[in-house]
Amino acid sequence: MNFQKKQCVAMLLAGGQGSRLMVLTENTAKPAVPFGGKYRIIDFPLSNCVNSGIDTVGILTQYQPLELNEYIGNGQPWHLNRSHGGVQVLPPYARSKKSEWYKGTANAIYQNIPFIERYDPDYVLILSGDHIYKMDYAAMLRYHEQQGSDCTIAVRTVPIEEASRFGIMNTNEDGSIYEFEEKPKKPKSTNASMGIYIFNWKVLREFLIADEEDPKSSNDFGKNIIPALLESGHKLYAYEFQGYWKDVGTISSLWEANMELLGTEPEFDLSDASGNRIYARNYAMPSSFIAKESKNENCLVAEGCEIYGNICHSVISNGCIIESGAIVEDSVIMPNVRIEAGAIVRHAIVGEDCVISRGAVVGGSFGPGEEKSISVIGKGKVIPANEAVKPGEIR
């Protein structure tokens, strides 16, 4: 089969176990976790690719891939159902002697060298599947070309007190990177890596092969590939990104990112007024019904819902039913949840297909300056009538 040459191919790393999201990823891959009422986390990097003119995307899956694979399908919701390129799911595959899981981010790309070489690309864009943001990858690619870079790494400025949590890129005045520090105790700069890379493919291919042959390597971009490129004298540049970006790999960050969608001037605007629309699979549900007796303040309510109770500062996903007398405050309610009459949900994330029965109480309030204790109910769970789930409790 003849494959059309592509200037740039995107490889989306979507195989992480997502253990920090606990019960939310017991049966669901992290990129398939619902977000913002009608989306999944993976919708954001996929939409960014389409909006940036990148039409060939390999999605590298591993843990709990079934729901993610079904969601992606043939890529039609993101206009990636193409005869030349499009989207393709790339799980680890059995070799002649053994089946081998992806050992690290670099090894995942190494195992898929044949897929990339089908398209003979000049550049490869490496993305993570657990970040919420809108970004023009085409602008980053133009910067990469203008600088004559072998590898360009997207960075964002973080407060110096938080810099030790990230991989830090130390740069010269022209943006060239002279040092990479992995979670340094005493960071020299605040340029935090976003885990978004553009490589010249020929250079990356050479280093992936060498890395695979090193038995001491962790097969990781941050720990191995980037330091090896620097040590060998290749040109690496930092591309500064100034928009909204959030790693939603923890319960608190997932809750916070959903809360940041709310208000008349949200920190992250999901509207497509800028032309950067976020695409998602449309389940063609009916319009939501908001009953006259319900009270709703500062909420997002997706389609297919029936709202009879009171909702405040919350995100309600598609297909949910909030019965009369129920109260939902400061919470994220994932798809197809029923919250029965008299139940109270505060500062919580309720997973898909759950039932919060009559009179049950999930979570509670916390005052200014207190640590946020987010209660979490895992997918498909039923909280019995009149039962209490304590603040911060995981079910």
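Biologist: How do the residues lining the second largest pocket divide into nonpolar, polar and charged?

Modeller: The lining has 6 nonpolar, 3 polar and 4 charged residues. This is a predicted model, and the pocket in it holds about 150 Å³ of space. Of its 13 lining residues, Arg 40, Tyr 283, Asn 318, Pro 335 and Asn 336 lie nearest the centre.

Biologist: Which residues line the largest cavity?

Modeller: Leu 24, Thr 28, Val 33, Pro 34, Met 334, Gly 351, Glu 352 and Lys 379. They divide into 4 nonpolar, 2 polar and 2 charged. Gly counts as polar under the rule used.

Biologist: And which residues line the second largest cavity?

Modeller: Its lining consists of Val 23, Leu 24, Glu 26, Asn 27, Thr 28, Gly 378, Lys 379 and Lys 381. Here the division is 2 nonpolar, 3 polar and 3 charged.

Biologist: Why is Asn 48 called buried?

Modeller: Its relative accessibility is 2%. Buried means under 20%, so Asn 48 counts as buried. This residue is in helix H1, residues 43–51.

Biologist: What does Asn 48 touch, leaving out residues up to four places away in sequence?

Modeller: Asn 48 touches Tyr 133, Lys 134, Met 135 and Tyr 137. A polar atom of its side chain lies 3.3 Å from the backbone oxygen of Tyr 133. The cut-off for a polar contact is 3.5 Å, and 3.3 Å is within it.

Biologist: Why is H1 described as largely enclosed by the rest of the structure?

Modeller: Because 8 of its 9 residues are buried. These are Asp 43, Phe 44, Pro 45, Leu 46, Ser 47, Asn 48, Cys 49 and Val 50. Just after H1, Gly 53 takes a positive phi of about 80°.

Biologist: Is Glu 231 buried or exposed, and how do you know?

Modeller: Glu 231 has a relative accessible area of 74%. Exposed means over 50%, so Glu 231 is exposed. Glu 231 lies in helix H7, residues 221–231. Between Glu 231 and Phe 241 there are 25 Å in space, C-alpha to C-alpha, for 10 residues in sequence.

Biologist: How many disulfides are counted?

Modeller: The count comes to 0. A disulfide is a covalent bond between the sulfur atoms of two cysteines.

Biologist: What makes Cys 8 and Cys 320 buried?

Modeller: Relative accessibility is 9% for Cys 8 and 0% for Cys 320. The limit is under 20%, so Cys 8 counts as buried, and so does Cys 320.

Key:
Residues numbered from 1 in each chain as written. Predicted model: local features only at pLDDT ≥ 70, side-chain atom pairs only at ≥ 80, totals over all residues. Heavy atoms only, no water. 1 Å grid on protein atoms, 1.4 Å probe; cavity = no way out; pocket = protein on both sides within 12 Å on 5 of 7 lines; lining within 4 Å. Points joined across faces, edges and corners; volume = space filled by probe spheres on them. Helix = DSSP H or I, 4+ residues; strand = E, 2+ residues; numbered from the N terminus. Buried < 20%, exposed > 50% of the residue type's maximum accessible area, 1.4 Å probe, protein only. Polar contact = N/O pair within 3.5 Å; in protein donor to acceptor, adjacent residues only side chain to side chain. Contact = heavy atoms within 4.5 Å. Disulfide = S-S within 2.5 Å.
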